[in-house]
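Student: I have a model open and would like to learn how to read it. Can we go feature by feature?
Tutor: Gladly; here it is.

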Amino acid sequence: MKILYKLLKFELLVYNRSYHLIRNNIYALLLSSVVFSIAMPGDVMTNYIKMLMCFWGVVFSSLTIPHYLIKSDLQDGFLETLLCSASPIKIVVSKYLALTLSLIISMLISIGFMVLFFSFSNKETLYLLLLMTLAILQIAAFILLGNIVHSYFRSNTNLLIALILPLVIPTLIIGASALETLRFDFVMILLGIDMVTIPTTFFLSSYLLSNLYDF
Amino acid sequence: MISLYNLSHDINGKNLFSAISVSIFPSAIVKITGNNGSGKTTLLRILAGIQTQKSGTIFTNIDEVAYIGHNIAIKDDLTVLEHLEFWANITGDELMIPAAIRYMKIEDIIDDYCYSLSAGNKQKVAITRLLVSKAKIWILDEVDASLDSINIKLLKGLIEAKTSNGGIVIYSSHTEQLPYSFAIEIG
């Protein structure tokens with residue numbers, strides 16, 4: 001656990017010093033909300049549409065995270081040095097947690113602005129927060145898998161990432177239905193999807209990571 | 001102790017080395033020699049447990065390995081101290097950092113970001129990482145490439161001190177400046 005904690009602290013430092021993940025994600029999130037609000041005609045701006053804009057904004061801004069986070073570790077030799085001291089699963093989990101935490105922090109900061117701007121009720125805000133957190137848990141897993149696939153395969157990596165990212169489409173659709181009805185069943189469906197995708201991603205990612213140098 | 005038995009490896013059908021059998025006992029300094037592309041880095045990675053050999057067996061009773069590869073694992077946006085603290089926490093003890101800094105004479109650059117360091121200083125930071133590690137085995141891949149004669153002497157002293165305490169050092173190098181007990185020629 002100590003190694004996992006130290007790895008997580010280090011990954012958070014690197015992600016936010018080198019790639020400014022939290023800052024850039026807040027910018028992307030606020031920008032996507034503003035663009036959606038300008039694009040939508042005033043008479044269709046119900047609370048459902050506003051919440052949907054915020055939810056999809058979180059999903060789309062998360063997808064702007066670079067896909068070379070692990071590739072850069074591979075190129076500067078950091079990954080091979082780390083593999084001597086930590087197991088692949090610990091590396092994968094620490095990277096996942098660092099990504100998730102960065103996304104959740106940026107979401108929490110942005111949602112404050114959104115609530116002020118769109119005047120959501122407390123119930124709507126809490127529901128939105130719950131859905132966004134569940135979506136982020138899943139998107140972080142896909143981003144991590146995309147990053148490792150980008151490092152593992154030497155060619156056609158952009159195509160492979162383009163095949164992984166559409167996996168968030170069910171979340172977009174279920175999230176939209178959940179916001180329309182504000183029913184708890186959809187939250188449980190999203191939770192179920194998370195419970196299937198996150199462990200699978202961990203398993204796949206750690207397998208690819210442990211075989212990264214076997215070519 | 002590390003024991004290699006019939007170790008062979010190839011990449012895409014091109015044979016790199018075959019049937020290497022050798023036992024490396026504590027206090028040994030082993031030099032891996034060979035031409036460019038002969039498989040020195042691959043052999044060192046296999047010994048470090050980063051890569052898997054195509055055939056053969058490695059027996060070892062030591063888990064902890066400190067490895068410095070061609071790319072020396074330096075993140076440009078972090079300071080030297082942040083690097084050392086991280087590696088000390090992962091592989092060794094933070095209390096060893098001040099002594100390691102003094103030995104490697106990097107007091108002046110300790111708060112500098114790594115993007116501002118020369119190649120030689122980056123190499124020194126990577127070597128300092130060995131000093132804060134508790135690993136019994138050091139695996140070094142052309143670690144002397146960017147070092148001047150003064151720092152080569154420091155590295156030589158480090159290798160001798162490590163092996164005099166029962167450690168094992170395995171390295172590859174194209175120069176003859178570092179000591180060794182025996183060499184393994186591949187390719």
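Tutor: Start with one pair of residues: B:Ile137 stands opposite B:Ile168, which belongs to S7(B). Keep in mind that this is a predicted model.

Student: Which strands does that pair belong to, and how many bridges join strand S6 to strand S7 of chain B?
Tutor: Strand S6 covers residues 137–141 of chain B, and strand S7 covers residues 168–172. They run parallel, and 5 bridges join them.

Student: How many bridges join S1 to S2 of chain B?
Tutor: There are 7 bridges between S1 (residues 2–11) and S2(B), which run antiparallel. To find them by eye, look for facing residues. B:Ser3 stands opposite B:Ser23 in S2(B). B:His9 has B:Phe17 as its bridge partner in that strand.

Student: Which residue takes a positive phi in the hairpin of S1(B) and S2(B)?
Tutor: That is B:Asn12, with phi near 50°. The hairpin has 2 residues between the strands.

Student: How many bridges join S1(B) to S4(B)?
Tutor: 5 bridges join them, and the two strands run antiparallel. One facing pair to locate is B:Ser8 with B:Ser55 in S4(B).

Student: Let us turn to a helix. Which residues of H3 in chain B are buried?
Tutor: H3 spans residues 97–104 of chain B, and B:Ala100, B:Ile101 and B:Met104 are buried. Look down the axis of H3(B): the buried residues fall within an arc of 100°, so they line one face of the helix.

Student: Which exposed residues are on the face turned away, and what do the buried ones pack against?
Tutor: The face turned away from the buried side carries the exposed residues B:Ala99 and B:Arg102. The buried residues of H3(B) pack against H4 (119–131) and H5 (149–164) of chain B.

Student: What follows H3(B)?
Tutor: B:Lys105 follows the helix, and its phi is positive, near 55°.

Student: Next, the two chains. How many residues of chain B are in contact with chain A?
Tutor: 22 residues of chain B are in contact with 19 residues of chain A. The elements of chain B giving two or more residues to this side are H1 (40–48), S5 (65–68) and H2 (80–91). H2(B) gives the most, with 4 residues. By type, the chain B side divides into 11 nonpolar, 8 polar and 3 charged residues.

Student: Where is B:Asn71 found, and which residues of chain A is it in contact with?
Tutor: B:Asn71 is found in the loop between S5 and H2 of chain B. Leaving aside neighbours within four places in sequence, B:Asn71 is in contact with A:Gln75, A:Asp76 and A:Gly77.

Student: Why does B:Asn71 count as partly exposed?
Tutor: Count its neighbours: B:Asn71 has 17 C-beta neighbours inside 10 Å, so it counts as partly exposed. A buried residue would need 20 or more.

Student: Last, the core. Which residues have the most contacts inside the largest nonpolar core?
Tutor: They are A:Phe55, A:Leu131, A:Ala140 and B:Ile139, in a core of 108 residues. Helix H7 (residues 122–152) of chain A gives the most to this core, with 16 residues. Take A:Ala140: apart from neighbours within four places in sequence, A:Ala140 is in contact with A:Tyr96, A:Leu99, A:Thr100 and A:Leu103.

Definitions and conventions: Residues are numbered from 1 along each chain as its sequence is written. Chains are lettered from A and ligands numbered from 1 in the order in which they are written. This is a predicted model: local features need pLDDT of at least 70, side-chain atom pairs count only at pLDDT 80 or more; totals for chains, interfaces and linings use all residues. Two strands pair if DSSP finds at least two bridges between them. Two residues are in contact if their C-beta atoms, placed from the backbone, lie within 7 Å. Ala, Val, Leu, Ile, Met, Phe, Trp, Tyr, Cys and Pro count as nonpolar, Asp, Glu, Lys and Arg as charged, and the others, Gly among them, as polar. A nonpolar core is a set of buried Ala, Val, Leu, Ile, Met, Phe, Trp, Tyr and Cys residues joined through C-beta atoms within 7 Å. A residue is buried if 20 or more other C-beta atoms lie within 10 Å of its own, exposed if 12 or fewer, and partly exposed in between; C-beta atoms are placed from the backbone. The arc is that of the directions from the helix axis to the C-beta atoms.
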